[in-house]
Each structure stands twice: as C-alpha cells, then as structure tokens.
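Here's a quick briefing to read with the model open beside you.

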Amino acid sequence: MSQDIFVVIEHLRGQVADISYVMLAAARALAQGTGGKVVAILLGHNAQELAGNFSANRVLYADHPALAEFTSEAYQVTLASLIREQSPRAVLFGHTTIGADIAGGLSVKLSLPLVSSCRTLNSNGKFVCQICGGKIMAEGDLPSPTALVTMAPGGYKLEEGQSDQAPAIETTAIPSLDDLRVTLKHYIEPEAGDVDIAKEPLLISVGRGIQTKDNIEIARELATALGGQVSASRPIVDQGWLPASCLVGKSGKHVRPKVYLALGISGAPEHVEGMNESDTIIAINTDPNAPIFNVAKYGTTADIFDLVPALTEKVKQAAGVS
Ligand SMILES: Cc1cc2nc3c(=O)[nH]c(=O)nc-3n(C[C@H](O)[C@H](O)[C@H](O)COP(=O)(O)OP(=O)(O)OC[C@H]3O[C@@H](n4cnc5c(N)ncnc54)[C@H](O)[C@@H]3O)c2cc1C
C-alpha cells in the first residue's frame with residue numbers, strides 16, 4: 001500500500017472543473033501527514049494539456065477514445081484497475097454529480113469505504129464533512145486501507161490547488177474498454193436565458209423563504225435599484241417560478257459575482273457549491289443556524305419581507321430615484 005493521495009480530475013468539454021483544484025489543495029494537506037505524493041489522475045483523450053497548472057507531484061494520464069467524454073462505466077473500469085494496482089492511501093473525487101457517480105460505484109466494486117461531502121482533510125488523517133444538509137460538521141479519521149472521499153467546495157481556495165510549474169505527466173496503462181455498455185450519444189444543452197447569471201457582478205438570489213411567485217417581485221425591485229440580476233435556489237426553479245437559466249448550484253450554474261445576496265436561502269451544500277466562490281456573500285435568513293451563514297461574510301436574521309423593501313427604498317433614495 002502506498003501513502004500517495006490520488007485526485008480524480010473532473011473535467012467536461014475541455015474545461016477542468018473548479019472542484020479539481022479544491023481536491024488538489026486538500027490532497028496536499030493530507031499528503032503532508034502521510035508523507036506520500038499528490039497524484040492527479042487525468043482520464044481523457046488528447047487531453048494532457050489540461051494538466052498544465054495542477055499543483056501535483058505527478059499526473060497519471062490515461063488516454064483512450066472511450067475516455068474522451070465522461071461516462072461512469074469507462075471511468076470506473078479504468079480507476080478500479082489503477083487503485084487495485086497502486087493501493088493509494090486515499091482517492092479524492094468531487095462531491096458532484098460526476099464524482100458521486102464514480103465514487104459510489106467504485107466503493108461497491110472494490111469494497112472500499114467512502115467518506116462523502118468532505119470540506120477539509122488534515123495532515124493528521126482527519127476529515128471534516130458536512131452532513132444533514134450542511135447543518136452539522138462531522139469529524140473523523142479516514143478509514144483504511146484506501147479511503148474513497150468526495151470533496152465538497154468551500155474548504156480551500158482554487159489557487160491553493162494551482163501551480164505555475166507544470167507537473168510531470170506519465171501515461172498509464174489502461175484495461176480493456178472494448179465491452180462498455182454505456183456510451184455518450186450527445187449532450188443536451190440547457191436552454192439559454194436572456195441573462196447569463198454566471199457573468200453578472202451582482203446577484204439577488206431568492207430561495208424558498210420568498211414563499212410565493214408574486215413575492216419574487218420584491219427581489220426584482222431591489223435588483224433593478226442596485227443594477228443586479230435575480231437568480232434562485234432549486235425549489236424556486238422546480239416550482240416554475242423562475243426559469244432554469246436562473247438556477248444556482250450543483251444542477252444549475254456556478255456563479256462568482258462580486259456580491260451574492262441570498263434572500264431566504266438555507267445554504268444547502270448543493271446550492272453553496274454553485275456560489276461559494278462569490279467575492280462577498282450576504283445572507284438574509286430568519287434562522288440563525290442556517291448553514292448559509294457559514295459562507296456569508298455579512299448576514300442578518302431579519303425577515304426578508306421587512307428588510308428587502310426598506311433596502312430598496314433606501315437605495316432609490318440614495319440614487320435620487322424616489
Ligand atoms: C442531486 C441534487 C441536486 C441539487 N441541486 C441543487 C442546485 O443546483 N441548487 C439548489 O439551490 N439546490 C439544489 N438541490 C436542493 C438542495 O438540497 C436544497 O433543497 C435547496 O437548495 C434548498 O433551497 P432553499 O434554501 O431555497 O430552501 P430551504 O432549504 O427550504 O430554505 C429556506 C430558508 O428560508 C428561510 N426563511 C424562511 N422565511 C424567511 C423570511 N421571511 N425571511 C428570511 N428568511 C426566511 C428559512 O429559515 C430557510 O433557511 C439539489 C438537491 C439534490 C439532491
């Protein structure tokens with residue numbers, strides 16, 4: 001068994017996902033204690049240039065046409081072979097749709113323990129993960145011999161997993177991928193909205209605390225007064241109150257505005273995944289224990305129906321509009 005930490009790089013359509021850099025930073029922290037190396041595992045086809053800025057001791061690169069696009073089966077077959085052969089101390093995956101898909105399957109296939117939704121890993125081999133929708137932070141020892149771990153965002157800055165110096169890349173052998181049952185046929189693109197919330201510097205985001213579709217108007221008025229755009233958590237989009245192009249989070253857009261104002265949003269991990277890289281997060285939530293306050297720089301337990309209209313009025317007055 002080695003003390004190395006494997007990081008399964010997540011990438012889609014030529015873009016390395018931000019969570020990959022979070023994982024590289026976490027792996028570095030853990031490897032300080034194990035004395036092993038940080039090994040980035042990159043699966044793809046003609047994709048080695050993606051590894052240029054990884055903060056890793058080395059990159060194991062598996063190149064095959066069947067790995068050109070992500071499919072869980074091809075990834076699992078390839079990774080199972082690598083993990084069996086090298087027995088790393090830990091293998092990190094994104095706590096994302098892709099990462100959870102691969103990690104869950106490998107845990108069963110290889111009979112290895114899986115720790116999910118970790119925020120940090122420490123040099124003493126301990127993990128901190130979020131459970132109960134992000135309301136409880138649980139600490140524990142990484143199980144052995146090889147622990148599979150899914151990493152949620154928020155514990156590390158992306159820059160901590162990046163480097164100016166390209167790591168050494170080694171091409172690794174690949175098991176037969178001839179008999180795969182799953183192949184990608186084509187991508188279904190989400191319908192484009194009028195506004196791309198991923199490019200907006202100021203987002204006023206509404207959650208279930210807004211209560212009704214009509215009440216979204218108070219958020220729109222504030223957004224108009226401040227020159228921002230309205231975005232939303234998933235229940236709002238699932239209800240059909242706002243289009244899918246407004247959704248922030250795991251199943252929506254990842255946004256990084258200068259200011260993200262969360263109105264009546266609890267801060268579930270699936271939502272936070274999409275907005276925790278915002279420069280300044282401000283939360284308005286009547287529940288003082290809401291997990292959104294863990295990522296917010298400023299927060300208040302005021303009622304949005306008291307505060308938001310009053311705030312809009314103040315902004316308008318300051319701008320000389322009302
Ligand atoms: C696979 C999967 C993918 C998902 N993807 C996403 C995703 O991409 N994006 C996403 O957002 N969610 C996603 N979810 C759902 C996620 O788990 C949460 O259920 C969701 O984010 C909760 O939305 P919310 O915070 O608006 O609602 P709630 O969790 O119900 O929170 C509402 C909050 O409003 C507060 N509140 C109520 N009234 C007021 C008031 N008058 N004033 C101030 N505060 C008030 C409450 O205290 C509460 O904290 C996903 C879930 C799964 C399983």
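**Ligand site and backbone notes**

A backbone N or O atom of Arg 208 sits 2.8 Å from an oxygen atom of the ligand; a polar contact here is a pair of N or O atoms within 3.5 Å, and within protein one must be able to donate a hydrogen and the other to accept it, with residues adjacent in sequence counting only if both atoms are side-chain atoms. Taken alone the ligand exposes 990 Å², and the protein buries 74% of that (accessible areas come from the Shrake-Rupley method with a 1.4 Å probe; for residues, only the protein chains shown count as cover).

Bear in mind that this is a predicted model, where local features need pLDDT of at least 70 and side-chain atom pairs count only at pLDDT 80 or more, while totals for chains, interfaces and linings use all residues. Residues are numbered from 1 along each chain as its sequence is written, and side-chain values use heavy atoms, leaving out hydrogens and water.

**Around the ligand**

- Gly 264 also has a backbone N or O atom 3.1 Å from an oxygen atom of the ligand.
- Asp 303 brings in its side chain: a polar atom there lies 3.1 Å from a nitrogen atom of the ligand.
- There are 26 residues around the ligand, and Arg 208, Ser 233, Ser 251, Ser 266 and Asn 285 come nearest (a residue is near if one of its heavy atoms lies within 4 Å).
- By class, that shell has nine nonpolar, 11 polar and six charged residues (Ala, Val, Leu, Ile, Met, Phe, Trp, Tyr, Cys and Pro count as nonpolar, Asp, Glu, Lys and Arg as charged, and the others, Gly among them, as polar).
- Helices α5 (234–238), α6 (269–272) and α8 (304–318) each supply at least two residues of the shell (helices are DSSP runs of H or I, at least four residues; strands are runs of E, at least two; both are numbered from the N terminus).

**Aromatic pairs**

- The structure holds two aromatic pairs (rings of Phe, Tyr and Trp, the last by its six-membered ring, pair if their centres lie within 6.5 Å; planes under 30 degrees apart are stacked, over 60 edge-to-face and the rest tilted).
- Tyr 21 and Phe 54 are edge-to-face, because their ring centres are 6.2 Å apart and their planes at 70°.
- Tyr 21 is in helix α1 (residues 18–34) and Phe 54 in the loop between β4 (38–44) and β5 (58–63), so the pair ties together parts 33 residues apart in sequence.

- The peptide bond from Ser 144 to Pro 145 is cis, with omega near 5°, and Pro 145 lies in the loop between β9 (136–141) and β10 (147–151).
- Arg 13 isn't a glycine, yet has a positive phi of about 50°; look for Arg 13 in the loop between β2 (11–12) and β3 (15–16).
- Ser 117, not a glycine either, has a positive phi of about 60° and is found in strand β7 (residues 114–121).
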